[in-house]
Amino acid sequence: MKTMKALVKSRPEPGIWLEEVPIPECGPNDALIRIVKTAICGTDIHIFNWDKWSQKTIPVPMVVGHEFAGVVEKVGPEVRGLAPGDRVSAEGHITCGHCRNCRAGKRHLCRNTVGVGVNRPGCFAEYLCVPAGNVFKLSEAITDDLGAILDPLGNAAHTALSFDLVGEDVLITGAGPIGMMAAAICRFAGARHVVITDVNDYRLGLAAKLGATRTVNVTGERLETVMEELGMTEGFDVGLEMSGNPAAFRELLERMNYGGKLALLGIFAEETPIDWTKVVFKGLLLKGIYGREMFETWYKIAAMLQSGLDVSAAITHRFHVAEYLDGFEVMRSGQSGKVILDWS
Ligand code: NAD
Ligand code: ZN
């Protein structure tokens with residue numbers, strides 16, 4: 001049996017290990033992809049740390065990772081529109097195809113989604129096998145590094161583009177990799193003020209580079225004061241929750257204008273009480289976001305990158321896969337944007 005190198009969650013304890021595993025079999029509707037670059041996601045850190053969520057969710061052993069760019073090595077006999085040599089990334093949510101939403105073309109709302117690198121073998125490996133329908137071809141405008149972060153960039157785009165942004169004032173809570181890229185998208189899409197909060201100055205600095213018009217470290221500065229300084233007399237029109245922090249979410253509700261619209265991406269670690277009268281009396285609209293719209297978000301991003309959206313500053317560290325532990329460490333420290341691992 002032919003084998004490959006892969007980063008495997010092979011034991012139910014903290015850590016991820018570089019091991020030799022079999023190269024996956026390519027089924028009739030699948031594409032086998034040779035991995036070139038991967039990026040580390042917050043999910044991979046949860047799996048590394050072996051927190052409560054991972055213990056419940058991840059069967060061991062499991063090859064982890066879902067953010068990548070690569071080259072098609074082989075396609076199954078039923079596959080059309082994809083050929084060996086194509087540069088690609090892929091949607092990491094594999095949907096069932098038979099539920100109501102899948103059949104209606106709303107695959108991001110599939111009730112039976114399976115996650116690459118979570119419920120089935122992932123891309124932190126020399127080869128990945130996924131259904132060919134999940135593969136997305138990369139244009140020349142998209143470098144391998146950018147190809148490797150299309151998944152989180154897609155989370156940012158799906159959230160940010162949920163509502164009209166032209167001439168609007170946007171508040172983003174959480175300047176993690178996704179929040180900082182959302183700031184870039186909001187500016188690109190024509191928002192007026194793009195205010196972003198965090199408790200981490202390093203990340204706020206990156207958000208400013210990416211296009212946030214005002215960064216706020218909530219440990220030292222009050223949003224109310226910032227709004228006054230900006231000449232804002234009412235409230236934010238659009239809110240993007242990207243921190244998963246309950247206090248940040250409550251502040252976001254507080255600072256929204258009447259009739260404001262909120263998209264919620266951040267995942268709260270526990271049940272999060274809010275003052276629902278804020279939602280009711282202000283007539284707020286709340287939308288939950290999971291993953292990317294298949295495949296509208298992918299096409300939007302590809303087109304935006306081709307027409308001048310620049311998120312390259314979100315990538316702060318690059319390592320060869322042999323140094324993957326350093327990559328995980330810097331990601332765990334919070335002193336990073338996206339961290340790329342090179343498999344070539
Ligand atoms: P991240 O954890 O790197 O970023 C969250 C940021 O929020 C951090 O920089 C942190 O310092 C900041 N933060 C903490 N407390 C804060 C506060 N009180 N006010 C403002 N900011 C605060 O995560 P990420 O990869 O950028 O993802 C953003 C969120 O989206 C996370 O909660 C993640 O779990 C979630 N997520 C959801 C989906 C989905 O499909 N719904 C997909 C990917 C990620
Ligand atoms: Zn489905």
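I started at the ligand and found an oxygen atom of ligand 1 at 3.3 Å from a polar backbone atom of Pro 177. I keep in mind that this is a predicted model. A nitrogen atom of ligand 1 sits 3.3 Å from an N or O atom in the side chain of Asn 245. An oxygen atom of ligand 1 is also 3.1 Å from a polar backbone atom of Ile 267.

Next I checked cover. On its own, ligand 1 has 850 Å² of accessible area, and the protein covers 78% of that. I asked which elements give two or more residues to the shell around ligand 1. They are α6 (177–188) and β12 (194–198). I noted 22 residues around the ligand, with Ile 178, Asp 198, Arg 203, Ile 289 and Gly 291 the closest. I sorted the shell by class and got 11 nonpolar, 9 polar and 2 charged residues.

**Helix pair**

I turned to α5 (residues 150–160) and α11 (residues 296–306). Their axes come within 9 Å and cross at roughly 100°. I counted α5 as roughly perpendicular to α11, because 65 to 115 degrees is the range for that term. From α5, I listed Leu 150, Leu 153, Gly 154, Ala 157 and His 158. They meet Thr 297, Trp 298, Ile 301, Met 304 and Leu 305 in α11. By class, I have 7 nonpolar and 3 polar residues in this contact, and no charged ones.

**Backbone checks**

I went through the peptide bonds and phi values next. Most peptide bonds are trans, and most residues other than glycine have a negative phi, so I wrote down the departures. The bond from Val 60 to Pro 61 is cis, with omega near 0°. I placed Pro 61 in the loop between α2 (52–57) and β4 (62–63). The bond from Met 294 to Phe 295 is cis too, with omega near -5°. I found Phe 295 in the loop between β16 (285–288) and α11.

For phi, I flagged Trp 50. Its phi is positive, near 60°, and the residue is not glycine. Trp 50 lies in the loop between α1 (42–49) and α2.

**Pro 131**

Last, I looked up Pro 131, which is in strand β9 (residues 127–131). What does Pro 131 touch, leaving aside residues up to four places away in sequence? I found Asn 29, Asp 30, Ile 94 and Arg 120. For Asn 29, I noted a C-alpha separation of 5.8 Å from Pro 131, with the two residues 102 apart along the chain.

Terms used: Residues numbered from 1 in each chain as written. Chains lettered and ligands numbered in written order. Predicted model: local features only at pLDDT ≥ 70, side-chain atom pairs only at ≥ 80, totals over all residues. Heavy atoms only, no water. Axes fitted to C-alpha atoms, helices over the stretch in contact; angles between N-to-C directions. Helix = DSSP H or I, 4+ residues; strand = E, 2+ residues; numbered from the N terminus. Parallel < 35°, antiparallel > 145°, perpendicular 65-115°, else oblique. Contact = heavy atoms within 4.5 Å. Nonpolar A, V, L, I, M, F, W, Y, C, P; charged D, E, K, R; others polar. Near = heavy atom within 4 Å. Polar contact = N/O pair within 3.5 Å; in protein donor to acceptor, adjacent residues only side chain to side chain. Areas by Shrake-Rupley, 256 points an atom, 1.4 Å probe, with all protein chains shown as cover.
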